Amino acid sequence: MNHEYYMKIAINEAKKGIGKVNPNPLVGAVIVKNGKIISKGYHEFYGGRHAEIVAIENAKNKGIDIKNSTMYVTLEPCSHYGKTPPCAHRLVKEGFKEVYIGMLDPNPLVNGKGKKILEDAGIKVEYGILEEKVKELNEIFITYITKKRPFIALKFAMTLDGYIATKDYDSKWISNEKSRKLVHNLRNYYSSILIGANTLITDNPKLTCRIKNGRNPIRIILDKNGLFENKKLNIFNENGKNIIFTEKTVINVPENTEIIRETDIFNIINILYNKGIDSILVEGGSSILSMFLKNNLVDKMHVFYSPKIIGNGLSPFGNLTINKIENSIKLKTIKNKRIENDIYWELKPCLQE
């Protein structure tokens with residue numbers, strides 16, 4: 001069998017869960033028998049059936065015999081009782097002959113245990129099929145589990161001469177309309193979005209996801225001095241939740257808003273992790289972007305580079321000062337593409353490798 005072919009299909013199945021399963025991983029499964037795909041499935045939503053179970057039940061609902069078949073699954077079948085029973089036991093019960101796994105689950109509750117359950121039952125197991133692609137698929141989950149913090153991505157649009165706004169803070173619009181549509185896909189992909197008080201007050205953004213069937217990210221505001229108080233802001237009228245970190249004591253807040261008295265970025269990150277927030281899209285201004293970079297709290301960068309020149313403006317990293325090139329923050333290009341006249345870059349700090 002062409003194991004990579006079937007694993008690619010499982011990966012594509014897993015992607016159907018984007019925006020629905022956080023903080024769970026994206027998982028896809030494919031059942032093959034006699035060289036033919038007889039069923040597929042993916043983890044549909046947080047707390048819902050796992051991909052393996054969806055694929056099994058899809059086949060059973062069609063009256064298909066799955067005994068002695070082969071399963072391809074992107075992530076090691078679970079071995080513990082959580083919101084659902086262990087998938088590994090179900091695979092044994094259904095009489096699978098072979099199971100091919102993209103990657104072992106980094107969660108200590110599972111890691112290697114699901115594989116062992118299958119092997120002890122006499123099922124042939126192989127793992128590491130398209131492992132790098134599966135790791136890329138679940139970079140958020142891997143970071144959340146292994147580093148015990150949310151995956152953090154910076155997003156900004158920049159002119160040809162390196163500015164995110166004019167000196168008068170005008171930034172609408174640096175990127176083109178198609179680039180902005182991609183931003184809404186990012187807002188659906190990441191479970192929260194973060195900005196600072198200056199961006200909140202100056203732009204009064206909605207911070208919503210405007211794609212069909214998309215979800216609004218949790219809106220996180222870093223507002224040390226409580227500048228938001230008594231202001232009519234769009235975020236208070238949008239579906240979804242706001243979390244505002246500030247030093248100020250605030251009593252009267254909208255129902256969709258939580259106030260947390262904390263301003264240390266590391267404590268904030270830990271609070272968000274403990275709330276089950278697995279990823280943050282940082283759309284802040286210069287001081288916010290620089291702060292995350294200074295503190296080595298960046299896993300990825302999404303940059304929209306537009307062929308516009310404004311001559312003088314706000315740098316995305318104006319609060320960074322590096323005196324020697326050898327000490328510069330080095331980045332690796334993950335992907336880039338042209339979006340009409342814009343260039344989209346997906347970058348990863350080399351220090352994260």
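**Strand pairing, cavities and pockets**

Strand β3 (residues 70–75) pairs with β4 in the parallel sense, and five bridges join the two strands. The model described here is predicted. Within this pairing, M71 has V99 of β4 as its bridge partner. Strand β4 spans residues 98–103 and is mostly covered, with six of its six residues buried. β4 also pairs in the parallel sense with strand β5 (residues 124–127), over four bridges. Here E98 stands opposite K124 of β5. Helix α4 (residues 113–120) belongs, with β4 and β5, to a right-handed β-α-β unit.

The largest cavity holds about 90 Å³ of space. Its lining consists of 13 residues, and those closest to the centre are N22, N24, L26, I140 and Y189. By class, eight residues of the lining of the largest cavity are nonpolar, four are polar and one is charged.

The largest pocket has a volume of about 1,200 Å³. A total of 48 residues line the largest pocket, and T199, D203, E283, G284 and G285 lie nearest its centre. Two or more lining residues come from each of β6 (151–159), α7 (177–189), β8 (192–196), α8 (197–203), α9 (265–274) and α10 (286–294). Of these elements, α7 gives the most to the lining of the largest pocket, with six residues. The lining of the largest pocket divides into 21 nonpolar, 14 polar and 13 charged residues.

The second largest pocket has a volume of about 630 Å³. It is lined by 23 residues, of which K15, I18, E136, Y189 and K335 are the closest to its centre. At least two residues of the lining of the second largest pocket are supplied by each of α1 (3–14), α5 (131–137), α7, β13 (300–306), β15 (331–339) and β16 (342–349). The largest share, five residues, comes from α7, the helix that also gives the most to the lining of the largest pocket. By class, the lining of the second largest pocket has 10 nonpolar, four polar and nine charged residues.

Conventions. Residues are numbered from 1 along each chain as its sequence is written. This is a predicted model: local features need pLDDT of at least 70, side-chain atom pairs count only at pLDDT 80 or more; totals for chains, interfaces and linings use all residues. Side-chain values use heavy atoms; hydrogens and water are left out. On a 1 Å grid over the protein atoms alone, a cavity is a set of points where a 1.4 Å probe fits but cannot get out, and a pocket is an open set with protein on both sides within 12 Å along at least five of seven lines; lining residues have an atom within 4 Å of a point. Grid points are joined across faces, edges and corners, and a volume is the space filled by probe spheres set on the points. Ala, Val, Leu, Ile, Met, Phe, Trp, Tyr, Cys and Pro count as nonpolar, Asp, Glu, Lys and Arg as charged, and the others, Gly among them, as polar. Buried means under 20% relative accessible area, exposed over 50%, partly exposed in between (1.4 Å probe, protein chains only). Two strands pair if DSSP finds at least two bridges between them. A crossover is right-handed if, with the strands pointing away from the viewer, the path from the first strand over the helix to the second runs clockwise.
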